[in-house]
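Here are some notes to read alongside the structure. Please keep the 3D view open and find each element as it comes up.

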Amino acid sequence: MTTQELKKAFQETYGKLADAVYFAPGRVNLIGEHTDYNGGAVFPCALSFGTNLVIAKNDKKVMNFKSLNQPEIVTLNLDQLTTRLENSWVNYPLGVMAQFIKRGVKFTDGYDILIWGNVPNGAGLSSSAALEVVTAFALNDQLNAGFNRTDIALIGQKAEHEFALVNCGIMDQFVSANGAKDNAVHLNCDTLEFELVPVKLEGVKIVISNTHSPHKLDSGAYNQRVAECKKAVEQLNTVRPIKFLAELTEADFKEVESAITDPVAHKRARHVVGEVQRTSDAVKALKAGDITKFGKLMNASHVSLRDDYEVTGPELDCMAEEAWKIDGVIGSRMTGGGFGGCTVSLVKDEAIDTFIKQVGENYEKRIGIKPDFYIAEIGNGATRIE
Ligand code: GLA
């Protein structure tokens with residue numbers, strides 16, 4: 001929808017003019033998967049699609065929430081902003097408000113809010129982070145709360161922990177807040193220092209393939225991986241004091257891995273240590289213009305997520321395998337939390353049509369679901385549009 005259409009929808013919903021329109025993007029992660037909550041690095045890009053928020057103050061001392069994908073307006077009093085709701089999309093913006101309150105911001109006025117997004121839901125492209133970040137960015141601006149973009153990301157992450165009950169890392173919210181057009185964000189998830197790295201892909205595009213798998217990344221499977229990594233750290237602490245798995249190089253890991261007696265925790269840790277190395281190698285390869293090497297590291301990342309981290313599943317594996325068969329595919333892997341969702345592939349321009357046709361047909365033949373393909377455009381982080 002255009003900004004004009006969004007403002008019109010706002011006026012139709014609330015019978016008055018909008019004060020401002022904001023946007024925050026979804027993301028695709030190029031490499032560095034399940035490393036963020038292990039203190040490692042990630043390498044995502046913000047997408048050109050995301051979530052819009054249209055807002056105006058009201059004089060009724062209530063918060064009104066309306067999503068164009070949902071039928072009803074949800075109304076809450078200003079003293080109801082710190083309690084999560086059961087099964088409601090409102091938990092994402094509400095969770096952000098609760099974090100503002102925790103950080104000392106007072107809501108003395110109510111707001112009318114309208115949300116619209118075009119990140120496919122459940123595709124692992126961070127529609128929820130986009131919603132959290134756009135809410136935090138908008139409220140920060142409206143209330144002059146003085147948070148910076150990193151604070152905004154941290155607020156979004158906490159909202160996800162406490163109101164969506166997913167113990168996620170910082171990657172999604174961070175890149176939604178800090179992304180930059182045509183750049184990937186090389187983020188150290190321990191220190192939150194980051195570097196923007198230009199994604200210069202001569203003759204190559206980033207293709208996102210949506211499996212439309214029914215297996216969603218639910219909080220259960222995700223939180224279990226977080227807990228397994230914690231267990232690996234605890235067992236490693238009997239021989240070496242570390243806070244995060246990402247502190248270990250592959251050589252360090254060889255020396256101490258026998259301390260992880262739990263076989264599942266051991267596999268998880270092996271993925272994380274390897275993925276941290278791959279991410280660092282991939283960033284170097286991209287900077288050196290060695291896209292072939294970058295692609296190989298993407299493939300290795302998928303294999304490790306499949307065999308050691310066990311977050312792929314038949315749909316993501318099929319999509320990656322079919323991509324690997326195509327001439328002109330430089331690399332392909334699952335992206336995001338896993339289980340269902342999307343793969344990300346680097347594909348030569350001249351191979352894109354074949355890619356979409358062949359991978360599409362073969363995936364549908366094997367899995368029985370028609371996939372979708374998007375050519376990714378790398379966009380900016382959260383912004384006020386009007
Ligand atoms: C989800 C989480 C992120 C990150 C990825 C896996 O997207 O929200 O914090 O852990 O999974 O890399």
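1. Two strands count as paired if DSSP finds at least two bridges between them. In this predicted model, strand β1 (residues 20–29) and β13 are joined by two bridges and run antiparallel. One of the residues involved is F23, whose bridge partner in β13 is T383.

2. Helix α1 (residues 3–14) packs on the sheet. The strands that α1 touches are β1, β3 (44–58), β4 (62–67), β5 and β6 (110–117). The direction of α1 makes about 135° with that of β6. Helix α3 (residues 127–143) packs on the sheet as well, touching β1, β3, β6 and β13. Between the directions of α3 and β1 the angle is about 145°.

3. In which order do the six strands of the open sheet lie? The order is β5-β4-β6-β3-β1-β13, and the pairing is mixed. At the edges stand β5 (73–77) and β13 (383–384). Each of these has a single partner strand, so one side of β5 and one side of β13 are left without a neighbour in the sheet. As background, strands of a sheet pair through backbone hydrogen bonds, either parallel or antiparallel.

4. Next, a pair of helices. α3 packs with helix α5 (residues 171–178) at an angle of about 55°, and their axes are 9 Å apart. α3 is therefore oblique to α5. On the α3 side the contact is made by A129, A130, E132 and V133; on the α5 side it is made by D172, Q173, S176 and A177. The crossing of α3 and α5 is right-handed.

5. Strands β7 (residues 183–188) and β8 (residues 194–198) pair in the antiparallel sense, over five bridges. A184 has V197 in β8 as its bridge partner. β7 and β8 form a hairpin, with five residues between the two strands. In the turn, L192 has a positive phi of about 65°.

6. Is E322 buried or exposed? This residue is found in helix α10 (residues 314–324). The relative accessibility of E322 is 3%, and buried means under 20%, so E322 counts as buried. Leaving out residues up to four places away in sequence, E322 touches V359, N362, Y363 and R366. With N362 there is also a polar contact of 3.0 Å, which joins the side chains of E322 and N362.

How values were computed
Residues numbered from 1 in each chain as written. Predicted model: local features only at pLDDT ≥ 70, side-chain atom pairs only at ≥ 80, totals over all residues. Heavy atoms only, no water. Helix = DSSP H or I, 4+ residues; strand = E, 2+ residues; numbered from the N terminus. Buried < 20%, exposed > 50% of the residue type's maximum accessible area, 1.4 Å probe, protein only. Polar contact = N/O pair within 3.5 Å; in protein donor to acceptor, adjacent residues only side chain to side chain. Contact = heavy atoms within 4.5 Å. Axes fitted to C-alpha atoms, helices over the stretch in contact; angles between N-to-C directions. Parallel < 35°, antiparallel > 145°, perpendicular 65-115°, else oblique. Left-handed = near helix turned anticlockwise from the far one by under 90°.
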